[in-house]
Amino acid sequence: MLRIVVIRLIQAVPVLLLIAVMAFILMHLIPGDPAVVIAGADAGPAAVERIRHELGLDRPLIEQLANWLYHLGTGDFGRSLVLNQTVISAVAERLPVTLSLAALSLVITLPIGVFLGILAAYFRGSWVDAAVMTLALVGVSVPAFWIGILSVILFSVSLGWFPSAGYAPLLADGPGPWLASLIQPAVILSLFQIGFLARMTRSGMLDVLDQDFIRTARAKGVSEWRTVGRHAFRNTLVGVVTVAGIILSLLIGGSVVIEQVFALPGIGRLVVQAIMARDYPLIQGTMLLFGFAFVVINICVDLIYLWVDPRVRYD
């Protein structure tokens, strides 16, 4: 298993290098100048040029890229141009919020999505199947930011059940306020993922339920609960784990919009603020850290394969 992890990490190096180069190029294609943002609207050309020189923005792009890659090799992700702190510390301050939101959304998504997928597959062709697939289609089609705004108006402004914005740290404020501050954005963030997981689970279950070993189990008098829950679903687990890994990646990346709607001080909102301020080091470093997180998630999925299906081998 350790050998698998080492091989996957080595294979991830060129991927992360490509992400770093693409992040650098894309950020420098965005219109605007961070020196103008830092200097202010009333600053003269001389002040802006001085800031550009201090930040190294007047150097050739290839030189800036080489310098950034060199510092990345030493573990230095640079300093934010606006926040006056290192990229690592800025991300570390906001990481608990994004991880809490993603984890809570995953806890909501997995049981509901899997259950709806199994239900739709078992009652295929019936009104239950049609209802589940309709709900899944609505979930993957409706924009999250629109549902978020409606949710704030209904549950926060009109009913006053949940706070409309902000985050309550778990250790400082306790589990009650923490859950109240995250339950709305977590549920809304889960809507698309539940529909996606339900559709994928249904597809996998339909393939398994038509297999000979399922008919054999029923012919032997095995209960439907055991046939579907143990024999059929267990043979769908590899597909479910694959989709769960994709969903976790989407939850982390999709937090950008939700955190902005609910004013959550997470990495997603940090990225939006960095883009608005043209904070190149912060944007580039955050994108690279997102890429590393996706690589780690894929490695974990590969390892889980070995546990859920002993037939999987990485020889």
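**Figure 1. Charged side chains of the predicted model.** The protein carries 20 positive and 19 negative side chains. The centres of the two sets lie 12 Å apart. Lys and Arg count as positive, Asp and Glu as negative; His and the chain ends are not counted. Each charge is placed at NZ of Lys, CZ of Arg, CG of Asp or CD of Glu. This is a predicted model, in which local features need pLDDT of at least 70 and side-chain atom pairs count only at pLDDT 80 or more, while totals for chains, interfaces and linings use all residues. Residues are numbered from 1 along each chain as its sequence is written, and side-chain values use heavy atoms, with hydrogens and water left out.

**Figure 2. The overall fold.** The protein has 14 helices and zero strands. Helices (H or I, at least four residues) and strands (E, at least two) are DSSP runs, numbered from the N terminus. Along the principal axes, the C-alpha atoms fill a box of roughly 85 × 60 × 35 Å. The accessible surface comes to about 16,900 Å². Carbon and sulfur atoms hold 70% of this surface. Such areas come from the Shrake-Rupley method with a 1.4 Å probe; for residues, only the protein chains shown count as cover. Of the 315 residues, 39% are buried. Buried means under 20% relative accessible area, exposed over 50%, and partly exposed in between (1.4 Å probe, protein chains only). Take the contacts with a separation of 6 or more: residues 24 or more positions apart account for 73% of them. A contact means heavy atoms within 4.5 Å.

**Figure 3. The nonpolar cores.** The largest nonpolar core has 63 residues. Leu101 and Met205 have the most contacts inside this core. Eight elements each supply at least two of its residues: α1 (2-29), α4 (61-73), α5 (87-122), α9 (175-209), α11 (224-234), α12 (237-261), α13 (267-276) and α14 (280-308). Helix α5 gives the most, with 12 residues. A second, separate core has five residues, including Val128, Val132, Met133 and Ala136. A nonpolar core is a set of buried Ala, Val, Leu, Ile, Met, Phe, Trp, Tyr and Cys residues joined through side-chain atoms within 4.5 Å. In soluble globular proteins, nonpolar side chains tend to be buried together.

**Figure 4. Around Met205.** Residues up to four places away in sequence are not counted here. Met205 touches Ile118, Ala121, Val228, Ala232, Phe233 and Thr236.

**Figure 5. Ala263 in its loop.** Ala263 sits in the loop between α12 and α13. Its phi is positive, about 55°, although Ala263 is not a glycine. Most residues other than glycine have a negative phi. Ala263 is partly exposed, at 22% relative accessibility.

**Figure 6. An aromatic cluster.** Ring pairs link Phe155, Trp161 and Phe162 into a cluster. Rings of Phe, Tyr and Trp (its six-membered ring) pair if their centres lie within 6.5 Å; planes under 30 degrees apart count as stacked, over 60 as edge-to-face and the rest as tilted. By this rule there are four aromatic pairs. Phe155 and Trp161 form a tilted pair, 5.7 Å centre to centre with 35° between the planes. Phe155 is partly exposed at 27% relative accessibility, whereas Trp161 is exposed at 56%.

**Figure 7. Thr86 between two helices.** Thr86 lies in the loop between α4 and α5. Its relative accessible area is 31%, so Thr86 counts as partly exposed. Leaving aside neighbours within four places in sequence, Thr86 contacts Gly78 and Arg79. Thr86 and Ala23 are 63 residues apart in sequence and 18 Å apart in space, C-alpha to C-alpha.
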